[in-house]
Amino acid sequence: MLATGRCPEFVIETGDGTAPDRIAAALAPRFAVVQETRRRERQVWLDTFDWRLHAAGLELRQLNGGLPSELVLTTVAGEPVAAQPLPAARWPALPGGLPAGPLRDRLLSVAGVRALLPQARAEGTMTRLRVLDGEGKTVARIELQDAVLATPGAAALPPRLVLTPVRGYQGATDRAARLLAAAGGFVPSSRSAYQTMLASAGHQPGPAKGAALAAATPARAALAATLLELADTIEVNAQYVIRDVDTEFLHDLRVAVRRVRSVLKLAGDVLPPGFTGRFAGEFKWLGDLTTPVRDLDVHLDGFGATAARLAAATPADLEPLRAELGRRRRTERTRLVRGLRSARFTSLLAAWRAELQDVVNRPAPRRRAAGPDTGTLAAERISRAYRRLIKRGAALGPATGGDGPPAADLHALRKRGKELRYLLEFFGSLYEPAALRRAVKDLKGLQDCLGGFQDAEVQQDGIRQFATAMLAARPASGGDRAARPDAAVLAATLLAMGELTAALHADQARARAEVSGRFAEFAGAGLLRTLGLAGRVDRA
Amino acid sequence: MKIFATYNIKGGVGKTSAAVNLAYLAGAAGHRTLLWDLDPQAAASYVFRVKPRVKGGAKGLIHGARPLDGAIKGTDFDGLDLLPADFTYRNMDLALDKAKRPRRQIARLLGPLAAEYDIVFLDCPPSISLVSENILHAVSTLLVPIIPTTLSERTFDQLTAFIERLDGDRPDVLAFFSMLDRRKRLHRDIAERLAASRPAVATTAIPAMTLVEQMAVHRAPVPAFAPRSAAAQRYRALWAELRTRSGLTGPDPAASLNGHAPG
């Protein structure tokens with residue numbers, strides 16, 4: 001189904017309604033042109049919040065001209081990938097909620113759990129033409145877009161012409177493009193209408209990037225500026241969390257909060273006196289507020305994979321658990337939304353911003369009072385976190401083939417690892433990108449293992465709590481029986497949950513047995529050497 | 001990927017008409033569909049206005065010199081592509097005979113297209129040959145048009161016996177009456193007897209209709225140029241039966257009365 005080649009685009013210099021005739025005249029030596037449709041159409045371009053389609057070289061467009069509307073996926077070069085009618089859609093929407101078909105499959109593989117959001121809109125007259133060869137066979141299609149209103153940009157786009165080859169007829173399409181270019185009045189364009197709209201509005205598709213740190217900047221000002229960016233991230237994501245657009249917004253909100261808390265803990269002494277004390281408790285409150293819903297999201301997102309692990313029980317046995325998770329999520333979300341709409345949250349962000357802005361704007365004090373520069377602070381804190389991690393890991397001792405290190409030691413080691421990871425992320429822009437990637441990768445091997453251990457423990461605890469709650473909620477007689485499973489169903493569910501617990505216990509045992517080996521690999525990789533900090537740690 | 005073939009040992013029984021119309025309806029229903037015109041007479045290629053020429057010919061395809069997807073042409077209709085016929089297909093048996101595993105070559109060639117297409121229709125030449133054996137090994141459902149005559153009945157029995165003797169997976173067989181003329185008593189009698197005695201006979205029959213013959217004049221499938229005609233309705237009913245029998249799901253815009261305009 002894929003077109004295999006180039007889709008030339010042109011800007012039409014004179015958009016006076018004569019374009020179809022001028023196109024026909026330009027192509028007349030070799031081709032006939034017939035008009036298929038001409039109608040007013042609204043177009044909505046969609047992508048995820050973090051531009052996953054763009055990163056995959058794709059553009060998704062909803063055309064609201066006919067009934068039903070149509071959803072069209074192309075490459076950024078305009079080549080068709082998939083299309084399907086869309087009877088009704090309200091954006092934002094999850095790709096999984098679209099009608100079954102190749103388009104949904106492709107979007108799911110690229111966007112995953114992220115919702116599709118409108119990124120640009122245009123409205124105008126769309127004329128569709130077909131280019132025919134001597135046999136009357138369609139060899140190319142032409143879209144003539146006369147967008148009178150476009151957002152972002154809020155300006156009229158110049159009329160455009162997109163020439164799309166029918167598969168197997170690229171040569172004919174190239175000939176048609178040459179004829180149009182030679183005719184005058186059609187100016188080849190390297191950008192699609194969507195790309196033009198985004199560029200004219202100053203939008204830069206792609207994941208949000210923080211400002212790069214400079215090693216010589218006073219650390220206090222650099223920390224304050226980066227913490228201000230995190231305040232933006234928290235605020236933006238909170239709005240989408242309130243609307244329950246997709247589960248990644250809550251995840252990103254939590255990551256931003258964790259980064260703030262890590263900076264306060266690991267480098268808060270560089271900020272003005274009393275600053276950390278005023279805010280640390282409030283960001284802990286914010287982090288805790290988001291935990292229950294995130295835990296339930298993780299359970300629900302991985303539910304299919306979890307159910308697929310059952311050996312004796314069947315996935316259907318777990319359905320009452322899914323229903324229970326859904327009920328709990330609704331309850332916990334109400335509490336979360338109330339918290340994000342509360343005066344406490346608003347005041348926290350307002351006070352946070354005001355104090356950080358004050359730090360940024362404050363005139364630079366004399367050299368000694370200004371504190372360390374960013375490069376020095378980063379080297380010192382990363383080295384310190386690394387040493388603490390190595391010390392903690394060395395205390396684990398070698399793997400002996402028994403049960404492995406105690407859980408408390410592994411939790412402590414994981415915490416140290418996370419501190420180092422957050423520092424690497426926070427100060428990452430100071431280091432050479434390839435070196436940073438290698439350092440993060442070296443640490444990731446150890447962290448994944450420790451994370452696997454911790455996740456398995458948290459999930460086992462969760463399953464035990466859900467089992468207790470499901471048993472307690474089942475009325476002995478009467479009550480809301482319709483909403484609760486009967487005894488046989490509940491027994492099957494609890495047995496299936498028991499099976500899951502056993503599988504998670506086995507995962508945990510595997511992770512525990514691997515930790516010492518992973519730690520030895522990490523310690524041998526020489527993270528400080530990778531980042532060029534080895535000399536500093538030797539001196540320390 | 002589901003692979004269907006319209007096949008009969010006899011010629012002139014409505015194989016190409018069925019392949020063209022059913023492939024068109026599958027594409028219009030949202031399935032990514034490919035029609036491979038394997039008949040060197042190239043009637044399906046003619047209907048879709050595609051030149052019957054494949055670079056390298058049968059030999060190039062079978063011996064791997066030319067990948068199959070490089071020969072595919074888009075039709076004028078969304079969701080439907082065509083792999084055109086080539087005059088060298090008349091010697092396809094010879095090319096197949098020289099290949100390793102000569103009975104599995106068409107299945108091998110179609111394998112890489114599974115990510116790109118949901119449905120492939122094969123419009124097969126008449127005969128029992130190495131090409132036919134390849135087709136029987138490649139397809140999930142074999143669609144067999146039968147003109148209700150005594151000789152056709154006999155040919156159908158020969159074909160089902162041949163399929164039963166095949167090694168490995170055998171295709172599901174769905175026969176349907178083609179060019180049925182209810183004014184003829186013989187047609188009526190044979191159609192009733194076969195439908196009652198053979199489980200593999202579809203309930204939908206395609207009558208003899210002028211409009212089906214006019215496909216070559218309009219150079220388009222019947223539901224495209226005469227969407228409300230009785231012939232188009234019959235092909236829609238046959239497509240619905242094939243979909244159900246093959247377990248295909250999803251929305252079916254082809255069930256509407258509106259034609260699917262090129263575009």
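Two residues are taken to be in contact if their C-beta atoms, placed from the backbone, lie within 7 Å. In the predicted model described here, this criterion was applied to chain B, and among its contacts between residues at least 6 apart in sequence, 78% join residues at least 24 apart. Chain B contains 12 helices and eight strands. Its radius of gyration is 17 Å, close to the 18 Å that the globule rule gives for 263 residues, so chain B is as compact as a globular protein of that length. Along the principal axes, the C-alpha atoms of this chain fill a box of roughly 50 × 45 × 35 Å, and 49% of the 263 residues count as buried.

The eight strands of chain B form an open sheet of mixed pairing, in which the order is β3-β4-β2-β5-β1-β6-β7-β8. Its edges are formed by β3 (73-74) and β8 (206-207) of chain B, each of which pairs on one side only.

For chain A, the domain assignment gives domain 1 (9-200), domain 2 (211-361) and domain 3 (372-540). The centres of domain 1 and domain 3 of chain A, taken over C-alpha atoms, are separated by 47 Å.

Helix α1 of chain A spans residues 19-27, and its buried residues are Ala19(A), Ile23(A), Ala26(A) and Leu27(A). Seen down the axis of α1(A), these buried residues fall within an arc of 90°, so they line one face of the helix.

The packing of nonpolar residues was examined next. In soluble globular proteins, nonpolar side chains tend to be buried together. The largest nonpolar core in the model has 89 residues, and those with the most contacts inside it are Leu223(A), Leu253(A), Val260(A), Ile382(A), Leu420(A), Leu423(A) and Phe427(A). Helix α6 (residues 219-243) of chain A gives the most to this core, contributing 10 residues. Apart from this core lies another, of 83 residues, which includes Leu25(B), Ala29(B), Leu83(B) and Leu238(B). When its neighbours within four places in sequence are left aside, Phe427(A) is in contact with Leu213(A), Ala378(A) and Ile382(A).

Finally, Asp295(A) was considered, a residue that lies in helix α8 (residues 275-301) of chain A. Asp295(A) has 17 other C-beta atoms within 10 Å and is therefore partly exposed, since a residue counts as buried at 20 or more such atoms and as exposed at 12 or fewer. Although Asp295(A) and Gly462(A) are 167 residues apart in sequence, they are 8.9 Å apart in space, C-alpha to C-alpha.

Key:
Residues numbered from 1 in each chain as written. Chains lettered and ligands numbered in written order. Predicted model: local features only at pLDDT ≥ 70, side-chain atom pairs only at ≥ 80, totals over all residues. Helix = DSSP H or I, 4+ residues; strand = E, 2+ residues; numbered from the N terminus. Arc of directions from axis to C-beta. Domains from an automatic or database assignment. Core = buried A, V, L, I, M, F, W, Y, C linked by C-beta atoms within 7 Å. Rg over C-alpha atoms; globule rule 2.2 N^0.38 Å. Pairing = 2+ DSSP bridges.
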